[in-house]
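The exercises below ask you to read a structure step by step, and each task is followed by a worked solution.

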Amino acid sequence: MMLVPDPRDVAPRLATGAFILNSGLGKLHADEATAQGVHGMACTAYPFLEKIEAQKFTKLLACAELAVGGALLAPFVPSRLAGLALTGFAGGLVGLYLRLPGMRESGSLRPTRDGIPLAKDTWMLGIGLGLLSSGARWGCPAGARRGRRRCRR
């Protein structure tokens, strides 16, 4: 039996998956300056990443983005699983926004002009949480999803 995402999950999965996949493709063959910038920003927020070489970190980040973006775009991946991957990935990015100096106005969650590109990751976190909660419908008969009968597993 092939499970496909609920129609309400398709648009967020396509939009977010394409965005993340494109970002991963852009980082896959990053030059040294780009890798240093990406790595430096990540190390400021997460100091344990200093142990990883900049090029290697950027390549690993690109692979993670390709995996998350691909999972979101693949219709055979359940929305709950895709949502779990997106929530974890976006959670790390929101942590970056919260930890980097100069991204937020003092004493506030409101982004500065420099923080707006990172603040958008909160949308991905919300989409991930929505997909994660929508996944509770997987494995139930079609009628149970519409409330006609209870889903018992």
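**Exercise 1.** Which residues does glycine 69 touch, not counting residues up to four places away in sequence?

*Solution.* The model is a predicted one, in which local features need pLDDT of at least 70 and side-chain atom pairs count only at pLDDT 80 or more, while totals for chains, interfaces and linings use all residues. Residues are numbered from 1 along each chain as its sequence is written, and side-chain values use heavy atoms, with hydrogens and water left out.

Begin by placing glycine 69 in helix α3, where helices are DSSP runs of H or I with at least four residues, numbered from the N terminus. With contact taken as heavy atoms within 4.5 Å, glycine 69 touches Gly17, Ile20 and Leu21 once residues up to four places away in sequence are set aside. As a further check on distance, the C-alpha atoms of glycine 69 and threonine 16 are 7.3 Å apart in space, although 53 residues separate the two in sequence. Finally, glycine 69 counts as buried because its relative accessible area is 0%, the limit for buried being under 20% with a 1.4 Å probe and protein chains only.

**Exercise 2.** Which secondary structure does the chain contain, and what share of its residues is buried?

*Solution.* Counting the elements gives seven helices and zero strands. Of the 153 residues in the chain, 39% count as buried. Turning to contacts between residues at least 6 apart in sequence, 64% join residues at least 24 apart.

Conventions
Helix = DSSP H or I, 4+ residues; strand = E, 2+ residues; numbered from the N terminus. Buried < 20%, exposed > 50% of the residue type's maximum accessible area, 1.4 Å probe, protein only.
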